[in-house]
Amino acid sequence: GTPERSASHAKWAATLGMVGIAPDYRTKERFGTTPLESVADGRAAVRWIEDHADKLGIDSKKIVVGGSSAGGHVALWTAIEHTPPGSVTNEAPRIKPFALILVSPVSDTSSAIGYTSKRFGDEADALSPVHQLDTKMPPVLLFHGDADTTVTNLQSITLHDKLVAGSNVCEFITVPGGNHGFQSQLPEWKDKTRDIMKEFLTKLGVLPVSVK
């Protein structure tokens, strides 16, 4: 909900030689807005990074987007090409993210079985990432606790299966006994998660960072 929540991840990325960015986006609690605005702001943030890549010292073709819980929903939408309700085309990312790292993400907001679909109103299905995936998606690293009662891990199981069925790369890490905030509940998973992230980014060729 605030950049401070993701600043530690941005600082960690910087220790690896990457440029860590903790973007802000509108939320109901702070701005009285809907998830449509959250998605719009996430997409606009990636577009801004792309447009300022040279100044920031970033390779615009190797932007990795991450998100946890509702932030995972926003992150997924930065990798889907068509413009969803509430967003504008001229603020869409020009290039798909190179990869996505998702932790306990909301991936299904559909009116039938999705998470908090009433918050999306008539756009619940249109804003449901698992129902709107592109044929070609970036490689995804996916974490979810099997004891999550907030956002059931069935969402991530379904997301993983759909990505793999479409010949996309998705590494799914199930956290045994993990709840929605498993990194706080199971402290050993804070370092373990980052080790897995580093290995994932190394396999993709993002790490080690090459100097321009």
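How many of the 17 residues of helix 3 are buried? The count is 13, so helix 3 is mostly covered, where buried means under 20% relative accessible area, exposed means over 50%, and partly exposed lies in between (1.4 Å probe, protein chains only). Please keep in mind that this is a predicted model, in which local features need pLDDT of at least 70 and side-chain atom pairs count only at pLDDT 80 or more, while totals for chains, interfaces and linings use all residues. Residues are numbered from 1 along each chain as its sequence is written, and side-chain values use heavy atoms, with hydrogens and water left out.

- Helices (H or I, at least four residues) and strands (E, at least two) are DSSP runs, numbered from the N terminus.
- Helix 3 covers residues 35–51, and its 17 residues should span 24 Å at 1.5 Å a residue; the expected span is 1.5 Å times one less than the number of residues.
- Helix 3 packs against helix 5 at an angle of about 55 degrees, and their axes are 8 Å apart.
- That angle makes helix 3 oblique to helix 5.
- For these angles, under 35 degrees counts as roughly parallel, over 145 as roughly antiparallel, 65 to 115 as roughly perpendicular and the rest as oblique.
- Axes are lines fitted to C-alpha atoms, for helices over the stretch in contact, and the angles run from 0 to 180 degrees between N-to-C directions.
- The crossing of helix 3 past helix 5 is right-handed: a crossing is right-handed if the near helix is turned clockwise from the far one by less than a right angle, and left-handed if anticlockwise.
- On the helix 3 side, Ser-38, Val-39, Gly-42 and Arg-43 meet His-73, Val-74 and Trp-77 of helix 5; contact means heavy atoms within 4.5 Å.
- An α-helix has 3.6 residues a turn, so residues three or four places apart point the same way.

**Helix 1 and helix 9**

- The axes of helix 1 (residues 3–15) and helix 9 cross at roughly 50 degrees and come within 12 Å.
- These two helices are therefore oblique to each other.
- Helix 1 passes helix 9 in a right-handed crossing.
- Ser-8, His-9 and Trp-12 of helix 1 make the contact with Arg-194, Met-197 and Lys-198 of helix 9.

**Salt bridges**

- Six salt bridges turn up in a search of the whole structure, each being a side-chain nitrogen of Lys or Arg within 4 Å of a carboxyl oxygen of Asp or Glu.
- Asp-24 and Arg-30 form one of them, at 2.7 Å from N to O.
- Lys-96 pairs with Asp-134, and their closest N and O atoms are 2.5 Å apart.
- This pair links distant parts of the chain, 38 residues apart: Lys-96 is in the loop between helix 5 (70–77) and strand 2 (99–103), and Asp-134 is in the loop between helix 6 (129–132) and strand 3 (140–145).
- Lys-96 is partly exposed at 24%, whereas Asp-134 is buried at 18%.
- Glu-171 and Lys-203 also form a salt bridge, with 2.7 Å between the closest N and O atoms.
- Glu-171 lies in strand 4 (residues 170–175) and Lys-203 in helix 9 (residues 188–204), so this bridge ties together parts that are 32 residues apart in sequence.
- Glu-171 is partly exposed at 24%, while Lys-203 is exposed at 53%.
- A network of salt bridges links Arg-47, Asp-51 and Arg-94.

**Three buried residues to look up**

- Ser-87 sits in the loop between helix 5 and strand 2 and is buried, at 14% relative accessibility.
- Not counting residues up to four places away in sequence, Ser-87 touches Val-39, Ala-40 and Arg-43.
- Ser-117 is in the loop between strand 2 and helix 6, and its 18% relative accessibility counts as buried.
- Leu-207 lies in the segment after helix 9 and is buried, at 6% relative accessibility.
- Leaving out residues up to four places away in sequence, Leu-207 touches Leu-16, Met-18, Lys-198, Leu-201 and Thr-202.
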